[in-house]
Amino acid sequence: MNEAALGKILVARLRDAMLGLHHDITVPSGAAPNTDLSRALTDFHTCRYGSLAVRLPRLIHAGHAHSASGGDCALLAQSYLLATRMLIKLDEQQLGWMAADRARQTAEAAGDVLLVAEAARQLAVLARKADWHEQAMSIALTAADHPGLRGGGPDHAAERGLLIQSAAYTAARAGDAAGMRELTGEAAAIAGELGGTVLLRDHGGGFSPTTVQLHLISAENSAGDPSTALAAARAVAPQSLPSTERRARYYTDIAAAYGRWGRRDDCVRALLAAEHHAPEETHARPAVKSLVSGLLVSGRVTTELRGLAARTGVLV
């Protein structure tokens, strides 16, 4: 499968599955859907999107079939949450809103506090990407303050931390660096109290002091301070991150900060490191393609940059 076109293929298959256009997909029976869900989550966190493009549409069909036959809606909610995260990554906001809203509805039908909270987090991300900063902040912080999360165990506290992190990033995007740092401090305090990485059911990236620090890299850069973003990056050991997807994010966030600072060679090196860890992620993401396109038109084009541009489909 052409990795540069992989994102478009995955989006097309998810769109068809969400609209019920493929009736020839074989729906697993018995315990197989839960096994498929586990494998799909692994595909996401290891950035194997070719496999995910096959497995996730099948999961959505299986989830609909399961809930239609009287089963609980948790499988469908988890499938739509994963679809939402992938669609956000691929900058497909319209489909992302559809998937997130279905995730919210099915999570509420399942009565699962963690799934409802995660659906809220994805809706907050989509609102932020639409530049609806006030709404994004409200969605995330209201969900974080829900009594069901405050009264739960470590996984509930970790989900609160993720929601507060989301609000911090929204503050950064709104230009409120002080608010971003205050909210990041709240998330870091929760992570410190938990005492280690908590791996959530639908978030293999986990929640820990390290992942809070990872989040701070992109938040500081979005707030307009790439040097502080890179200082935050120096406090993270990439090998300590809990998934391939998180390591790829680390290097692409560093690349974005170098790009903002005008350090072209460092930017390219960071992008090549991201590609080394997660080629399908690096080649498929519109954010990476945009960064590479900007490098091509703004200065000297090296052999390394030209090769990366070809592999991401920016140069045909």
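A: Let's look at one pair of helices and then at the spaces beside them. The model is predicted, so local features need pLDDT of at least 70 and side-chain atom pairs 80 or more, while totals for chains, interfaces and linings use all residues. Residues are numbered from 1 along each chain as its sequence is written, and side-chain values use heavy atoms, without hydrogens or water.

Start with helix 13, residues 244-261 (helices are DSSP runs of H or I with at least four residues, strands are E runs with at least two, and both are numbered from the N terminus). Helix 13 packs against helix 14 at an angle of about 170°, their axes 8 Å apart (axes are lines fitted to C-alpha atoms over the stretch in contact, with angles from 0 to 180 degrees between N-to-C directions). The two helices are therefore roughly antiparallel, the word for angles over 145 degrees. Helix 13 passes helix 14 in a left-handed crossing, in which the near helix is turned anticlockwise from the far one by less than a right angle.

Who touches whom? On the helix 13 side, the residues in contact include Y251, I254, A255 and Y258, and among those they meet in helix 14 are C267, A270, L271 and A274 (contact means heavy atoms within 4.5 Å). By class, this contact has ten nonpolar, four polar and two charged residues (Ala, Val, Leu, Ile, Met, Phe, Trp, Tyr, Cys and Pro are nonpolar, Asp, Glu, Lys and Arg charged, and the others, Gly among them, polar).

Helix 13 also gives the largest share, eight residues, to the lining of the largest pocket. On a 1 Å grid over the protein atoms alone, a pocket is an open set of points with protein on both sides within 12 Å along at least five of seven lines, a cavity is a set where a 1.4 Å probe fits but cannot get out, and lining residues have an atom within 4 Å of a point. About 1,200 Å³ of space lies in this pocket. Its lining counts 39 residues, with K129, Y169, R249, D253 and R285 nearest the centre. They divide into eleven nonpolar, 14 polar and 14 charged.

Helix 14 has a space beside it too: three residues of helix 14 make up the largest share of the largest cavity's lining. R264, D265, V268, L295, R300, T302 and L305 line this cavity, which holds about 30 Å³ of space.

Notes: Points joined across faces, edges and corners; volume = space filled by probe spheres on them. Parallel < 35°, antiparallel > 145°, perpendicular 65-115°, else oblique.
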